[in-house]
Amino acid sequence: MADRPPAGGPAEPGTARIAVDLLGGDDAPAVVVDGALRAVRTDPALHLMLVGPIEVADELIGALDPAQRTRVTVRPVRAAVGMADHPTAARGESTVRTAVQAVRDGLADAVVSAGSTGATVTAAALGLGRWTGIRRPALVATLPAVEGPVVLLDVGGTLESGPATLARHAVLGAAYAAVAHFVTAPRVGLLSVGHETGKGDRLRRHADPALAALALPCDARYVGLVEGYDISLGARADVVVTDGFTGNVLLKAIEGAYAMAGGPPPKGGAPRAAALLGVGGTVVVCHGAAGSEDVASGIALAAHLWRRDAAGTVRALLADVPHESAPDRHDTEVAP
């Protein structure tokens with residue numbers, strides 16, 4: 001079970017310097033500016049580096065009181081990677097690449113962007129490097145459930161996965177649940193169309209025994225196949241592993257279900273911010289359709305992960321877990 005601080009409680013101690021991509025997202029920069037305002041007013045130890053056009057940053061800074069303004073700096077960049085652009089566009093000068101470079105250069109502790117997921121993953125992998133044994137970084141979301149939070153990965157970092165990638169993501173998810181969300185002895189499941197052994201497509205049938213043979217960190221254990229409703233109930237698994245295509249579709253379907261029902265549950269709805277695991281820094285990717293509250297939540301998540309040294313701790317835990325050196329046959333490196 002998770003042992004988390006109450007929602008809406010005081011911010012964790014410690015300064016957190018977050019580089020924010022002002023031009024990322026469907027409704028940027030307006031919602032990003034509003035979300036950043038909410039975040040800096042809520043957390044007195046939060047420092048923001050605004051990466052984007054000067055006039056946009058000035059709009060945000062002008063709305064703050066003098067004391068809050070001292071916690072905001074600006075990196076002027078006018079180019080952005082569009083949502084329809086190829087992820088390789090992140091190799092050029094852009095707000096997301098500049099934000100990642102700020103972390104690489106030690107000028108910021110974490111990056112938050114609501115822009116193109118592919119571009120953010122590419123910029124982070126190239127700018128910050130990847131952990132040993134991780135060829136495919138994973139986007140990790142945390143969903144509310146009846147029995148407690150459920151960590152879901154991948155939700156869009158790697159659309160096509162093989163059994164080896166899913167096995168490595170199971171290790172990532174178990175460590176992340178324990179470190180970031182205080183889950184004791186996480187239960188790890190593989191998303192499929194039934195609980196019975198042998199259910200599912202070829203990927204699931206091959207991945208199931210691979211996950212069963214894993215040594216998992218943090219006293220985690222593999223509980224086998226789980227179904228979609230197990231994510232909402234949370235009684236069977238604390239961590240659910242799937243490929244990024246299925247995970248992204250599932251996450252957005254849950255968002256739509258909440259909207260149809262008149263809004264998310266009282267304890268919070270489907271998150272519009274996810275942590276990117278497997279790169280050499282703290283990176284949070286917000287949903288492209290994120291609103292200002294979602295952006296503020298993403299910034300708060302980045303600060304939480306930095307203050308807990310979640311990325312460093314998860315990376316250290318992975319170093320103690322054997323990994324399969326042979327990649328999935330369709331794994332590819334991110335080209336320099």
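T95 is buried, its relative accessible area being 1%, where buried means under 20% relative accessible area, exposed over 50%, and partly exposed in between (1.4 Å probe, protein chains only). T95 is found in helix α4; helices here are DSSP runs of H or I with at least four residues, strands are runs of E with at least two, and both are numbered from the N terminus. The C-alpha atoms of T95 and R78 are separated by 7.2 Å, although the two residues stand 17 residues apart along the chain.

## Basis of the model and overall make-up

The model is predicted, so that local features need pLDDT of at least 70 and side-chain atom pairs count only at pLDDT 80 or more, whereas totals for chains, interfaces and linings use all residues. Residues are numbered from 1 along each chain as its sequence is written, and side-chain values use heavy atoms, with hydrogens and water left out.

The protein chain holds eleven helices and eleven strands, and 52% of its 336 residues count as buried. Its accessible surface comes to about 14,200 Å², of which 55% belongs to carbon and sulfur atoms; such areas come from the Shrake-Rupley method with a 1.4 Å probe, and for residues only the protein chains shown count as cover. Among contacts between residues at least 6 apart in sequence, 75% join residues at least 24 apart, a contact being heavy atoms within 4.5 Å.

## Packing of α4 against α5

Helix α4 (residues 95–104) and helix α5 (residues 117–128) pack at an angle of about 30°, with their axes 9 Å apart; axes are lines fitted to C-alpha atoms, for helices over the stretch in contact, and angles run from 0 to 180 degrees between N-to-C directions. That angle makes α4 roughly parallel to α5, on a scale where angles under 35 degrees count as roughly parallel, over 145 as roughly antiparallel, 65 to 115 as roughly perpendicular and the rest as oblique.

V96, R97, V100, V103 and R104 of α4 make the contact with T120, A123, A124, G127 and L128 of α5. By class, these residues divide into six nonpolar, two polar and two charged, where Ala, Val, Leu, Ile, Met, Phe, Trp, Tyr, Cys and Pro count as nonpolar, Asp, Glu, Lys and Arg as charged, and the others, Gly among them, as polar.

## Two oblique helix pairs

The axes of helix α1 (residues 30–42) and helix α10 (residues 292–307) come within 7 Å and cross at roughly 50°, and the two helices are therefore oblique to each other. Their crossing is right-handed. On the α1 side the contact is made by V31, V32, D34, G35, A36, R38 and A39, and on the α10 side by S292, E293, V295, A296 and I299; the contact has seven nonpolar, two polar and three charged residues.

For α6 and helix α11 (residues 310–319), the axes come within 9 Å and cross at roughly 130°, which makes α6 oblique to α11. α6 passes α11 in a right-handed crossing. Here R168, V171, L172, A175, Y176 and V179 in α6 meet A310, T313, V314, L317 and L318 in α11, and the residues of this contact divide into nine nonpolar, one polar and one charged.

## Backbone geometry and loops around α6

Most residues other than glycine have a negative phi, and most peptide bonds are trans. A cis peptide bond, with omega about 10°, joins L153 and D154, and D154 lies in the loop between β6 (150–153) and α6 (163–181).

The loop between α6 and β7 contains F182, which is not a glycine and yet has a positive phi of about 60°; F182 is partly exposed, with a relative accessible area of 22%. A185 is found in the loop between α6 and β7, has a positive phi of about 45° although it is not a glycine, and counts as partly exposed at 33% relative accessibility.

E196 lies in the loop between β7 (187–191) and α7 (202–212) and is partly exposed, with a relative accessible area of 47%. From C-alpha to C-alpha, E196 and G224 are 8.4 Å apart in space, while in sequence they are 28 residues apart.

Technical notes:
Left-handed = near helix turned anticlockwise from the far one by under 90°.
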